[in-house]
Amino acid sequence: SSGINAEYGGETTNKALLDTGAPTTVCGKTWYNVFEDSLSEQEKSEIKTEESEKSFKFGDGDTSRAIVKKTIPVAMCGHEFLLETHIVENDVPLLLSKEAMKKMNLIIDMKNDMLFMGDGKEEIQITQSGHMVVPIGRCQEKKKKKK
């Protein structure tokens, strides 16, 4: 295992792993189901589902075929938007691809573990395995704003 299996102690629940090595955004079915369960009915109505023929290769070298492609409602750095992700059977969190991060104009500040997007910023969390993750659930954003 490459150490990025979905760590369901909550380390990657409703969070995106900043994966500059991933060519396409992808997540495991288990991660996705937990994420979808956290959404409001309104947010669930925003989800789009399409077929996907895409294949993915993970750290273990095995090739996995996506089951489906979803467009999901997320929030990051104070911005709400829709994110496209392929879903695989593998137990992986949401791996945010380099391409997606470029499209979002994300700036990763490695020195200070900060993520910037437009006028918003987010503290990057580091998992026990050393991966960088950020919360993407809109419910997490709302909780932060209330503080």
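What share of the 147 residues in the chain is buried? In this predicted model, buried residues make up 47% of the chain. The secondary structure consists of 4 helices and 13 strands. Among contacts with a separation of 6 or more, 60% are between residues 24 or more positions apart. The accessible surface of the chain amounts to about 8,000 Å², and carbon and sulfur atoms account for 49% of that surface.

Empty space was examined next. Rolling a probe the size of a water molecule over the atoms shows where such space is left. The largest pocket holds about 240 Å³ of space. Its lining is made up of 13 residues, of which T25, L83, E84, A100 and K103 are the closest to the centre of the pocket. Two elements, β7 (79–88) and α3 (98–103), each give two or more residues to this lining. Strand β7 gives the most, with 5 residues. By type, the lining of the largest pocket contains 6 nonpolar, 4 polar and 3 charged residues.

Strand β7 also contains V88. The relative accessible area of V88 is 0%. Because buried means under 20% relative accessible area, V88 is classed as buried. Leaving aside neighbours within four places in sequence, V88 is in contact with V26, C27, G28 and K29, with F56 and F58, and with S64, R65, A66 and I67. The C-alpha atom of V88 lies 9.0 Å from that of S55, although the two residues are 33 residues apart along the chain.

A second residue, S52, was examined in the loop that lies between β3 (48–50) and β4 (55–57). Two polar partners of the S52 side chain were identified. One is the backbone nitrogen of K54, which the side chain of S52 reaches at 3.3 Å. The other is the side chain of H86, joined to that of S52 by a polar contact of 2.7 Å. When residues up to four places away in sequence are not counted, S52 touches A66, V68, K69 and H86.

How values were computed
Residues are numbered from 1 along each chain as its sequence is written. This is a predicted model: local features need pLDDT of at least 70, side-chain atom pairs count only at pLDDT 80 or more; totals for chains, interfaces and linings use all residues. Side-chain values use heavy atoms; hydrogens and water are left out. On a 1 Å grid over the protein atoms alone, a cavity is a set of points where a 1.4 Å probe fits but cannot get out, and a pocket is an open set with protein on both sides within 12 Å along at least five of seven lines; lining residues have an atom within 4 Å of a point. Grid points are joined across faces, edges and corners, and a volume is the space filled by probe spheres set on the points. Ala, Val, Leu, Ile, Met, Phe, Trp, Tyr, Cys and Pro count as nonpolar, Asp, Glu, Lys and Arg as charged, and the others, Gly among them, as polar. Buried means under 20% relative accessible area, exposed over 50%, partly exposed in between (1.4 Å probe, protein chains only). Contact means heavy atoms within 4.5 Å. Accessible areas come from the Shrake-Rupley method with a 1.4 Å probe; for residues, only the protein chains shown count as cover. A polar contact is a pair of N or O atoms within 3.5 Å; within protein, one must be able to donate a hydrogen and the other to accept it, and residues adjacent in sequence count only if both atoms are side-chain atoms.
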